[in-house]
Each structure stands twice: as structure tokens, then as C-alpha cells.
Amino acid sequence: MMKVLANMPEFQSIVSMQDLDVAEVEQLISRAEDFKAGAQLKLTEPVYVSNLFFENSTRTHTSFEMAERKLGLTVINFDPQASSMSKGETLHDTALSLDAVGVNLLVVRHPQNDYYNELLGHADLSLGLINAGDGSGEHPSQSLLDMMTIAEQFGDFTGLRVAIIGDLTHSRVARSNMEILQRLGAELFFSGPKAWYSQEFAQYGTYLPIDDLVEKTDVMMLLRVQHERHPGEQAFDTQSYFERYGLTKERASRLPEQAIIMHPGPVNRNVELASDLVEGKQSRFVTQMQNGVYMRMAMLESVLRGNHLGGLV
Ligand code: CP
């Protein structure tokens, strides 16, 4: 039996966490938990979705496709390398073509910040859109699955001490998470190389060396070094990074008992954190990936409803 939610949010597109207010974030978490508990959606009209990934992905791409298939959407494969974008077709004209052949919804990952401005608000396009990551801009589906994972552990965000550590300036996950965590009432801290910290983050939280953070952290979010966004980078010394900024076993031993360790993936073992900690009892990496499917189901449902797709009641 399909469960109809009185307060299910409806969106034509989701491209930024700033699109969502706190109540909508809580509703999406609640709906994702319903899906995790086995809730199903019954489409009465076909819906066609294409996942356009112009950057590599394991988690986001497969979990969106899993979520789409679990909801009963028809996935129309799209390979950027084999598409006519290699002949110079723009993203906008690619979307126009997919719209014309009957695709209803796009999930897009793109290396360019704000690429979605090419697709939103154009009268010639009638597609729903979910941003699966834009350059160093935003990663709303990762952020929402992270909020779901934290909510499962702690229930409430008020006063929760969250540390985001690593390549802050190049991380779309960090940008999305700091914005929503502040609105949810968490207390934020940052750490990592000072060169990858920007004063723009001071409005959200406090920068501290990792050794001054570990004992007062409820949630430690580690970030991958985004080498692909470091133009002209010289040789990167992984051992030195690990020793100065990483979560070593010694540092992890000083975390409070209730603390959890999160990472959006992909993880570089013995760079962001000691390899053994990946499988440790405080790690939530696998839970994050599992929750990603259910959160993406909730996001997709909200965009189906916002675009009157699937004949949902
Ligand atoms: N967290 C995340 O976006 O991982 P992928 O790049 O593998 O999708």
C-alpha cells in the first residue's frame, strides 16, 4: 500500500541546499527513512530519467540509478563520451534533445560550478533536474544523505559539534554541508591545511588544528584531497598530509565515545585517515552509502511530484 505524505516536499529541481528550508530537509530525511523501512512508490504513468555524469563517480551514479530503478523509473543510458557533445553540442542543446525524445528528468554531475544555470528557467526545456555535483559548488544529495546519517545517530542537530576536515576550498560536499548544518543548529569547526581554508567559511564555524578538535567532536567529516581541482599542483606528500592533518589511530583514540567518523568517499586510506579506521566501530562510511539510495529515492519522488510526473497521488 502506497503511503501518501501530507507534507511531502515538491520541487521542480534540486540544485543547491539553499533550495531547501529546514522543514523540507527534515521531511526528506523522514521520507528516506520510510523507504529504508520498505515503503514503495507506485507509478501509474511511465517516467524516463537520464543520468548525465561528466565527472567520474561510483557512489552517486550507482545509487541514483538504484534509487530510480527501485522507484520504477525507466533509465535511459547516457554516455558523455559517446554523445554528440563530443561534436560540440552544448549541455543546453543536449538537454533539449533528451527532452524532445521523451526524457522527463535529468540527474547531472558536471565539473563546472553552477552548470545548471544553462538548464533552469528556459522556456524551451520542461525537464526536472537534480544536481549530482557541480565542480566545487554543491553536492545536495551527498549533503542530505549525510544529514540522514547524522540524524539516525543523534536525532537532533542542535549544539552537535561537527568538524569538517581537509580540502575545504575545493569540496562541494563541505560547501553544502556547512550551509545546512549551521541552519540545523550544529556548531561547526574546520581543519586541514590553512591554504585550503578560506575566510568565507568563518561565517559558519571556527578553524582549529585537528589535535585541538578531536576531543570535542561528535561528528568528524573527512574530505578527500581534490587533486583534479588543484591546477599546477606539485608533488603531493601523502605521508606528510596524513601526519599533519589526517585522522591517525592516536587521534581517533581521543575521540569521544559517541563520536562518528564520516567521509563522502572515495576514501584514500592512510591519507585522510588510518586504513583500519575505515572498518572501525565509529565509522559510518557504509551507512552513508546505504542511506544514499534511500535519500535519492526521496529526492526523486519530490521532483516527480514537483513536475507532476508518474501519476502520483
Ligand atoms: N561521494 C561521492 O560523490 O562519491 P562519487 O564521486 O563516487 O559519486
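Student: What makes the residues lining the second largest pocket divide into nonpolar, polar and charged?
Tutor: The division follows residue type: Ala, Val, Leu, Ile, Met, Phe, Trp, Tyr, Cys and Pro count as nonpolar, Asp, Glu, Lys and Arg as charged, and the others, Gly among them, as polar. By that rule the lining has 7 nonpolar, 5 polar and 3 charged residues. The model is predicted, so that local features need pLDDT of at least 70 and side-chain atom pairs count only at pLDDT 80 or more, while totals for chains, interfaces and linings use all residues. Residues are numbered from 1 along each chain as its sequence is written, and side-chain values use heavy atoms, with hydrogens and water left out.

Student: Why is this space called a pocket, and which residues lie nearest its centre?
Tutor: On a 1 Å grid over the protein atoms alone, a pocket is an open set of points with protein on both sides within 12 Å along at least five of seven lines, whereas a cavity is a set where a 1.4 Å probe fits but cannot get out; lining residues have an atom within 4 Å of a point. The second largest pocket has 15 lining residues, with Val278, Ser283, Phe285, Val286 and Met289 nearest its centre. Its space is about 190 Å³, a volume being the space filled by probe spheres set on grid points joined across faces, edges and corners. Helix α9 supplies the largest share of this lining, 4 residues.

Student: What is the volume of the largest pocket?
Tutor: Its volume is about 360 Å³. Of its 21 lining residues, Arg109, Arg172, Arg224, Gly265 and Pro266 lie nearest the centre. By class the lining has 4 nonpolar, 10 polar and 7 charged residues.

Student: Where does Pro266 lie, and what is the peptide bond from Gly265 to Pro266?
Tutor: Pro266 lies in the loop between β10 (260–262) and α8 (275–278); helices (H or I, at least four residues) and strands (E, at least two) are DSSP runs numbered from the N terminus. The bond from Gly265 to Pro266 is cis, with omega near -5°. Asn270 is found in the loop between β10 and α8, and its phi is near 65°, a positive value in a residue other than glycine.

Student: Which residues line the largest cavity?
Tutor: The lining consists of Arg59, Gln142, Leu145, Pro264, Gln288, Met289 and Arg296. About 40 Å³ of space lies within this cavity, and α9 contributes the most to the lining, with 3 residues.

Student: Why are α1 and α9 called roughly perpendicular?
Tutor: Helix α1 (residues 22–36) and helix α9 (residues 285–306) pack at about 110°, with axes 8 Å apart. Axes are lines fitted to C-alpha atoms, for helices over the stretch in contact, and angles run from 0 to 180 degrees between N-to-C directions. Angles under 35 degrees count as roughly parallel, over 145 as roughly antiparallel, 65 to 115 as roughly perpendicular and the rest as oblique. The pair α1 and α9 is therefore roughly perpendicular.

Student: What makes up the contact of α1 with α9?
Tutor: Contact means heavy atoms within 4.5 Å. Among the residues that make it are Leu28, Ile29 and Phe35 of α1 and Tyr294, Met295 and Met299 of α9. The contact residues comprise 9 nonpolar, 3 polar and 3 charged.
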